[in-house]
Amino acid sequence: MANSNLPRRIIKETQRLLSEPAPGISASPSEDNMRYFNVMILGPTQSPYEGGVFKLELFLPEEYPMAAPKVRFLTKIYHPNIDKLGRICLDILKDKWSPALQIRTVLLSIQALLSAPNPDDPLSDNIAKHWKTNEAEAVETAKEWTRLYASGA
Amino acid sequence: MDSEDDMHDANDIESLDDFYSGETAMDSDDGDENYGFIDNDSDASDDSTSHRPHRQQQNYTILSDADIRQRQEEDITMISTVLSIPRVSASILLRHYNWDVSKVHDAWFADEDRVRRVVGFLEKPVHDATRNVTELTCGICFESYPRDRMHAAACGHPFCTSCWRGYIATSINDGPGCLMLRCPDPSCGAAVGQDMINVIASEEDKQKYCRYLLRSYVEDNKKTKWCPAPGCEYAVDYVMGSGNYDVTCNCSYNFCWNCTEEAHRPVDCGTVAMWILKNSAESENMNWILANSKPCPKCKRPIEKNQGCMHITCTPPCKFEFCWLCLGAWSDHGERTGGFYACNRYETAKQEGVYDEAERRREMAKNSLERYTHYYERWATNQSSRQKALQDLQQMQTVQLGKLSDKYMQPESQLKFITEAWLQIVECRRVLKWTYAYGYYLPEHEHAKRQFFEYLQGEAESGLERLHQCAEKELQCFVDDEGSQTKDFNEFRTKLAGLTTVTRNYFENLVRALENGLSDVDSHGACSRTASSKSRGGRSKPGSSRSGGGSSRGSGLDGSTHWSCEHCTYANVKSATTCGICHHHR
């Protein structure tokens with residue numbers, strides 16, 4: 001029912017995501033709601049998240065693409081721009097959203113955020129502070145969490 | 001108040017009135033302007049003689065919707081002409097630089113390329129690889145359309161009409177940020193101007209955009225502000241660095257351009273901000289302290305004050321006349337009885353020889369809340385008194401002037417003195433109100449300043465009470481009473497006009513002194529106080545007030561550095577040739 005009026009853009013985006021997936025990213029729509037995507041992002045190499053498989057959920061609101069998709073981490077992750085509920089601090093999901101962006105570009109941006117945490121614009125104060133005062137130790141914690149929660153089980 | 005003394009004063013002042021207005025025409029014009037009532041009844045000739053000069057010396061301009069639009073258009077035209085760019089671009093540029101024409105010029109001629117980059121003006125399209133294609137794919141909905149159904153900003157990134165419409169609508173609904181709209185392509189910063197909005201957006205969105213553009217001209221512009229009165233749509237353009245911030249909107253609201261609180265001259269914005277904060281913090285305590293009624297000091301029946309002046313008469317059989325502020329007998333307040341109008345005073349320090357009332361007040365002073373209450377109550381009472389006076393003024397202008405005109409066979413132009421009196425009352429209540437905020441923050445240890453301030457405030461206040469009483473109660477007799485003679489009415493005219501002038505002078509002195517930070521206090525302030533006390537002492541019963549103690553000291557000073565006005569007894573500095581209060585020649 002919810003899928004009957006699916007805009008052509010969403011259908012096309014979905015098809016392209018499935019036929020030409022971006023490296024390290026998979027996104028597939030839920031069977032009963034084509035606006036709800038199950039997403040998996042592999043932890044980028046050379047990052048504390050390497051080797052981890054991170055689950056996210058992505059939802060396309062009614063106004064999409066005029067409004068940004070809603071994205072959230074389901075897997076616990078130790079990252080200064082992601083809070084304990086999995087919410088992500090990323091400009092293109094908020095004021096820098098443009099309808100010319102796509103699901104693919106959003107997920108690539110999230111992947112890039114894992115490679116380059118930005119403790120100067122934090123969502124989680126404690127983790128950001130940790131990152132700034134003792135980066136080595138913070139990276140260790142992130143690795144530990146990756147092993148504990150994102151080991152692909 | 002009908003005493004011979006008063007009538008005598010009033011007559012004399014009236015005779016001086018011409019002299020006064022000749023001497024200080026600028027001042028009095030300024031004063032009139034501040035009241036802010038556009039006198040719709042005044043005829044055209046009046047307008048040209050009295051109102052135009054005000055406009056020229058005024059340091060602000062009231063802008064209507066049409067005025068704002070016109071100025072905006074003029075600025076856009078100027079930038080467009082000087083920089084040889086389209087009007088739409090000029091508008092975007094001006095908005096970016098907060099509608100400051102000279103800033104736009106400076107930035108543009110300093111580094112045109114940088115400015116173009118920052119605001120998103122492209123010299124040529126960045127996306128023109130599709131010149132020979134008949135169909136294009138929209139970057140938002142991914143549909144293909146013929147070229148003529150696609151739109152692009154200067155950059156050339158094509159999107160279909162319906163996606164553009166959605167993009168623009170979303171941006172406009174998000175607020176004034178739509179004035180800085182850019183191409184939807186995230187890698188592109190090309191500006192999207194009003195020309196595209198007008199081609200693509202819905203009628204409703206176009207109007208919203210227009211509204212934001214107009215608002216931006218006022219809100220982003222450093223020298224204009226909206227009038228803060230509810231529902232008022234005028235803006236005020238202010239000449240920066242011109243001093244006095246008091247402005248009067250065409251809606252008649254009087255406010256401070258700097259802090260947008262209601263007008264509070266001569267008290268500064270900082271004091272007003274502190275006072276307002278204080279009031280909001282204390283308001284819960286105040287609510288019950290200042291319940292709407294007070295018991296009659298004599299018969300204890302509760303009394304609600306619903307008239308403007310502080311002179312309350314309890315209903316029969318009690319008929320006790322008292323002052324609403326201090327609840328003391330009114331007979332202690334008039335000048336004839338030799339008392340002094342002490343309700344502006346608040347003394348925490350113990351003073352010798354003060355009459356009984358002081359004992360009660362000292363009790364009050366023990367508590368800082370009570371000290372605050374003292375000032376707040378007077379501040380608030382003058383506020384409500386002013387509101388009442390405004391209503392009375394309106395009632396006067398709409399109904400009673402007509403009646404009086406018929407009854408005493410006077411043309412309404414001859415009744416202007418009544419309107420002037422009420423305008424004076426309204427303005428004085430406003431000033432008096434703020435002097436209580438001033439008084440609250442005036443340091444306790446500055447004794448000389450406090451005394452001088454309270455003296456000036458007291459003089460002004462008692463003058464105002466006389467004026468208010470006369471305008472309110474005595475005038476009512478003429479409105480109601482069928483038997484009054486035209487002769488009596490003419491006497492009343494003289495009295496009211498005289499009181500208006502005297503009160504204006506008192507308040508001008510008060511305002512001037514506060515604006516100088518009471519800096520005169522060392523030279524002539526102390527003397528004027530003692531001199532005045534002396535004169536009062538002469539008329540009063542000996543020892544009835546503390547003026548007795550000061551008189552001998554005061555008279556010594558008088559002879560050498562000051563002269564006492566024969567007419568009003570004000571102590572003027574020696575160099576003055578006319579009296580600072582009543583303008584009587586030496």
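This is a predicted model: local features need pLDDT of at least 70, side-chain atom pairs count only at pLDDT 80 or more; totals for chains, interfaces and linings use all residues.
The size of an interface is often given as the accessible area lost when the parts come together. Between chain A and chain B this buried area is about 1,000 Å², and carbon and sulfur atoms give 66% of it. On the side of chain A, the residues A:R9, A:M66 and A:A100 supply 47% of the area buried against chain B, more than any other three residues. Polar groups also take part: 4 residue pairs are in polar contact across the interface, both residues being at pLDDT 80 or more. The count of salt bridges between the two chains is 1. In a salt bridge between the chains, the side chain of A:R8 meets that of B:E143, with 2.4 Å from N to O.

The aromatic side chains come next. A pair of aromatic rings is described by the distance of the centres and the angle of the planes. Over all chains, the structure holds 32 aromatic pairs. One of them joins A:F54 and A:F73 edge-to-face, with 6.2 Å from centre to centre and 80° between the planes. Because A:F54 lies in strand β3 (residues 53-59) and A:F73 in strand β4 (residues 70-73) of chain A, the pair ties together parts that are 19 residues apart in sequence. A:F54 is buried, with a relative accessible area of 0%, and A:F73 is buried as well, at 2%.

In chain B, by comparison, B:Y408 and B:F489 form a stacked pair, 4.5 Å centre to centre with 5° between the planes. This pair links distant parts of the chain, 81 residues apart: B:Y408 is in the loop between α13 (368-407) and α14 (416-441), while B:F489 is in helix α16. Both B:Y408 and B:F489 are buried.

The loop between α15 (447-480) and α16 (486-515) of chain B holds B:Q485. B:Q485 is partly exposed, with a relative accessible area of 47%.

Elsewhere in chain B, ring pairs link a cluster whose members include B:W275, B:Y372, B:W379, B:W434 and B:Y441. Charged groups also sit over rings. The charged end of B:K225 is over the ring of B:W257, 4.1 Å from its centre. In chain A, A:K76 lies over the face of A:Y149, at 5.4 Å from the ring centre.

Technical notes:
Residues are numbered from 1 along each chain as its sequence is written. Chains are lettered from A and ligands numbered from 1 in the order in which they are written. Side-chain values use heavy atoms; hydrogens and water are left out. Helices (H or I, at least four residues) and strands (E, at least two) are DSSP runs, numbered from the N terminus. Buried means under 20% relative accessible area, exposed over 50%, partly exposed in between (1.4 Å probe, protein chains only). Rings of Phe, Tyr and Trp (its six-membered ring) pair if their centres lie within 6.5 Å; planes under 30 degrees apart count as stacked, over 60 as edge-to-face and the rest as tilted. A charge sits over a ring if NZ of Lys or CZ of Arg is within 6 Å of the ring centre and within 35 degrees of the ring normal. Buried area is the accessible area (1.4 Å probe) that two parts lose on being put together, summed over both. A salt bridge is a side-chain nitrogen of Lys or Arg within 4 Å of a carboxyl oxygen of Asp or Glu. A polar contact is a pair of N or O atoms within 3.5 Å; within protein, one must be able to donate a hydrogen and the other to accept it, and residues adjacent in sequence count only if both atoms are side-chain atoms.
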